[in-house]
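Here is a short report on one structure. Please read it alongside the sequence and the coordinates.

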Amino acid sequence: MRILIVEDEVRLARTLKDLLEQHNHIADMSFDGESGLDNALSGIYDAVILDVMLPKLDGFGVIKGMREAGLQTPVLMLTARSELENKVKGLDLGADYYLTKPFEAAEFLACLRAILRRRGEIQPDELKFADLTLNINSAELSCEGRRVRLRAKELELLRILMENGNKFVPKETLQLKVWGYDSEAEGNVVEVYMSFLRRKLSHIKSKVKITSSRMIGYRLEADND
Ligand code: CA
């Protein structure tokens, strides 16, 4: 999953980013409400972690802007204030969950799983395609008992391909979802990672192939030989 953290306390933002990355997510940070809303509106995120007290635009303004633009991305709001009034306001504006600072890592991760599940954004812990099983939590890809670990970006790429089954996914979509807008990723980064994935598929002797069409994109194909 690709997750946006909008939090002006830089240390907390970095701690959350590290935590998300340890759990095989990709995380980006915005340190004020305006850039947070801009980033959220890109539509490339699976969830947004949103602080309430932010410079330029507060968390309520961010979520209001997101919902007015028709964006249904699940939002977990963070606040140092535990007053009922703020919770109600955030929930009314379309936040999915409220977490009061300070909180434990386990509590944060549980809330995140809850909001992803509620929106139907999260897939079961395992995805299957032909002879492949991808365990999202452990980032482990297996084929008939043979296993290989994927790195975060490989996991995200393969997850998107598996969710799309036989359908082609445009290269631009993959690049945006996995590397984001302001990445310094080279133009051929998707192809480079596809070659990592192809190597791993052949390592576990899967019959699944990643095929590409220059005009359309990438997809998985099950080789039935
Ligand atoms: Ca703050």
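## Helix H2

At the start of H2, a side-chain oxygen of Asp 32 comes to within 2.9 Å of the backbone nitrogen of Glu 34. Such a polar contact is a pair of N or O atoms within 3.5 Å; within protein, one must be able to donate a hydrogen and the other to accept it, and residues adjacent in sequence count only if both atoms are side-chain atoms. Helices (H or I, at least four residues) and strands (E, at least two) are DSSP runs, numbered from the N terminus. This is a predicted model: local features need pLDDT of at least 70, side-chain atom pairs count only at pLDDT 80 or more, and totals for chains, interfaces and linings use all residues. Residues are numbered from 1 along each chain as its sequence is written, and side-chain values use heavy atoms, with hydrogens and water left out.

H2 spans residues 33-40, and its buried residues are Gly 33, Gly 36, Leu 37 and Ala 40. They cover an arc of only 95° around the axis, which puts them on the same side of H2. The arc is taken from the directions from the helix axis to the C-beta atoms. Buried means under 20% relative accessible area, exposed over 50%, and partly exposed in between (1.4 Å probe, protein chains only). The cover over these H2 residues includes strands S1 (2-6), S2 (26-30) and S3 (47-51), and helix H3 (59-68). Contact here means heavy atoms within 4.5 Å.

## The parallel sheet

Five strands form an open sheet in the order S2-S1-S3-S4-S5, with parallel pairing. S2 and S5 (97-100) stand at the edges with a single partner strand each, so one side of each has no neighbour in the sheet. Neighbouring strands are turned by 20° against each other on average, direction ignored. Axes are lines fitted to C-alpha atoms, for helices over the stretch in contact, and angles run from 0 to 180 degrees between N-to-C directions. Two strands pair if DSSP finds at least two bridges between them.

S3 is largely enclosed by the rest of the structure, because five of its five residues are buried. Both faces are covered: Ala 47, Ile 49 and Asp 51 lie on one side, Val 48 and Leu 50 on the other. Four bridges join S1 to S3. Val 6 has Leu 50 as its bridge partner in S3. S3 also pairs with S4 over four bridges, and Asp 51 stands opposite Leu 78 there. S4 (residues 75-79) is joined in turn to S5 by four bridges. Leu 78 is partnered by Leu 99 in S5.

## The calcium site

Which residues coordinate the calcium ion? They are Asp 8 (OD), Asp 51 (OD) and Met 53 (O), at 2.1 to 2.3 Å. Asp 8 lies in the loop between S1 and helix H1 (10-22) and Asp 51 in strand S3, so the pair ties together parts that are 43 residues apart in sequence. Along the chain, the donors follow the spacing D-x42-D-x1-M. Donors are N, O and S atoms within 2.8 Å of the metal (3.2 Å for Na, K and Ca); water is not among the atoms, so sites may look incomplete.

Asp 8 is partly exposed, at 30% relative accessible area. Asp 51 is buried, at 3%.

## The antiparallel sheet

A second open sheet has four strands in the order S6-S7-S8-S9, with antiparallel pairing. Its edges are S6 and S9 (146-149), each with a single partner strand, so one side of each is left without a neighbour in the sheet. The twist averages 20° from one strand to the next.

S6 (residues 126-129) has a covered face, Leu 127 and Phe 129, and an uncovered one, Glu 126 and Lys 128. Four bridges join S6 to S7 (residues 132-135). Leu 127 stands opposite Leu 134, and Lys 128 has Thr 133 as its bridge partner. The two strands form a hairpin with two residues between them; Ala 130 in the turn has a positive phi of about 50°.

Ala 106 belongs to helix H5 (residues 105-118). Ala 106 is exposed, at 54% relative accessibility. Ala 106 and Leu 19 are 87 residues apart in sequence and 9.9 Å apart in space, C-alpha to C-alpha.

Lys 200 is in helix H8 (residues 189-203). Is Lys 200 buried or exposed? Lys 200 is buried, with a relative accessible area of 17%. The side chain of Lys 200 makes a polar contact of 2.8 Å with that of Glu 154. Not counting residues up to four places away in sequence, Lys 200 touches Val 148, Arg 149, Leu 150, Arg 151 and Glu 154.
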